[in-house]
Amino acid sequence: MRQINVGIIGFGTVGTGVVKLLTESRELISSRIGAELHIKYVADLDIERDRGVKIDKSVLVTDIDTVVSDPCVDIVVELIGGETIAKTAIMKAIENGKHVVTANKALLAGAGKDIFSAAARAKVDVGFEASVAGCIPIIKSIKESLSANHIHSVSGILNGTCNYILTKITSEGTVFSQALEAAQKKGYAEADPTLDIEGIDAAHKLAILTALAYGMTINLDDIYVEGIKDITPEDIKHAEHLGYRVKLLAISKFVGDAVEARVHPTMIPFDNLFASVNDSVNAVNVNGDAIGDMFFVGKGAGMMPTASAVVSDLIDISRNILSCTSQRVPLLSYCDESIKTIPVLPMDEILSRYYFRFTAVDRPGVLSTISGILGSYGISIKSVQQAEDKNERHVPIVIVTGPAREADVKQAITDINKLPITNGKAVLIRIGIESWPENSF
Ligand code: HSE
């Protein structure tokens with residue numbers, strides 16, 4: 001049986017999962033490809049630690065160059081993360097005519113252009129299924145299964161760490177720092193967890209999905225990003241009371257001549273499928289003209305789910321190698337000459353419904369002052385709640401609005417924050433989005 005040689009760079013959590021799958025599911029994989037996927041090298045700085053997987057010690061190396069230069073290696077798998085060494089390794093592998101598989105969303109979102117152009121020139125494949133939403137086959141689905149659709153929107157819970165933290169706060173009232181620690185222990189978080197909790201990891205993934213869905217180039221800086229650090233158990237309780245669950249949602253919508261691309265905590269009605277996606281699970285909703293809505297759900301982080309996506313790319317590329325072809329499917333889902341520059345709508349221009357929590361003194365006229373300001377900016381109030389508290393000078397006032405323009409909301413909040421009757425800054429959480437399928441599955 002023909003042998004396809006794989007060089008893996010990075011023997012961390014995902015690297016270990018890939019070795020485990022290639023070893024333990026060797027026969028299954030061979031029977032699906034008609035060739036053997038052979039581990040030629042595994043490179044890591046630490047080749048001593050026992051990862052609990054069966055591996056021939058002779059394949060372990062500390063030098064990345066060996067992996068990207070050895071002519072025997074057919075496919076290089078980059079799993080070290082980061083943007084410097086990883087990029088150099090990938091570019092060298094491509095220059096040397098090797099196909100590449102990577103889970104590195106930060107690198108693809110930032111330097112994807114260089115990598116994909118080099119790969120196009122070298123006529124090699126680049127697989128990146130594991131870069132978005134763990135084991136959910138969303139890259140392949142957009143590039144292949146849904147290729148007959150004009151895609152209208154792609155929205156998702158794309159960060160397992162944040163979803164795990166928000167679920168823990170919701171169900172156990174855990175404080176944020178403890179919930180983050182638990183997520184890190186489970187191996188969900190990035191090496192630098194601020195990438196997770198500040199929403200940047202989800203933005204990297206959204207950039208990739210947006211480029212593939214609409215056939216466009218997108219700058220990371222054009223994506224509005226707000227993380228979950230300021231979400232408190234108090235706001236989660238108010239949200240539950242109002243019939244909403246708080247999730248970190250990544251939203252990308254094609255709105256005719258522009259695209260909306262944003263990541264922020266979002267209140268989701270209980271009857272929307274996203275509301276019941278918990279723990280480290282990810283979910284993606286794609287809306288297309290032929291399919292209507294399609295909902296994908298699955299584990300978004302962790303050793304084996306991510307390894308499953310990496311190995312699926314290895315299998316795809318191996319099949320191409322055996323058919324003496326590459327780039328049968330355009331790397332970025334559209335042919336190069338069709339990739340456009342589409343403007344990304346400034347956040348100020350988006351329309352959303354909002355949840356506000358103000359802390360204000362409890363005396364006559366306070367509500368009318370606040371509602372007067374909201375009204376002056378054309379913001380319509382849908383519900384108001386004020387908790388009765390005889391002992392406190394300040395009370396929380398929770399307001400839910402109808403659809404409003406972000407710029408008007410920001411201005412109104414600035415005015416209200418300046419009032420002597422309010423204490424501290426107002427909390428703002430966006431609610432759902434208009435075109436969502438509620439009860440439509
Ligand atoms: N840190 C990421 C997450 C891992 O929490 O979703 C998968 O990309």
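Trainee: What area do domain 1 and domain 2 bury between them?

Mentor: This is a predicted model, where local features need pLDDT of at least 70, side-chain atom pairs count only at pLDDT 80 or more, and totals for chains, interfaces and linings use all residues. Residues are numbered from 1 along each chain as its sequence is written, and side-chain values use heavy atoms, leaving out hydrogens and water. Buried area is the accessible area (1.4 Å probe) that two parts lose on being put together, summed over both. With 63% of it on carbon and sulfur atoms, the area buried between domain 1 and domain 2 is about 1,800 Å².

Trainee: Which three residues supply 29% of the area that domain 1 buries against domain 2?

Mentor: Domain 1 covers 2–135 + 303–337 and domain 2 covers 138–299, with bounds from an automatic or database domain assignment. On the domain 1 side, more of that area comes from this trio than from any other three residues: Lys105, Glu129 and Val132.

Trainee: Good to know! Which side chain meets Lys105 in a salt bridge?

Mentor: A salt bridge here is a side-chain nitrogen of Lys or Arg within 4 Å of a carboxyl oxygen of Asp or Glu. The rule finds four salt bridges across the interface of domain 1 and domain 2. For Lys105, the N to O distance is 2.9 Å, and the partner is Glu190.

Trainee: And which elements give two or more residues to the side of domain 1 that touches domain 2?

Mentor: Helices are DSSP runs (H or I, at least four residues), numbered from the N terminus. Those giving two or more residues to that side are α5 (105–122) and α12 (303–322).
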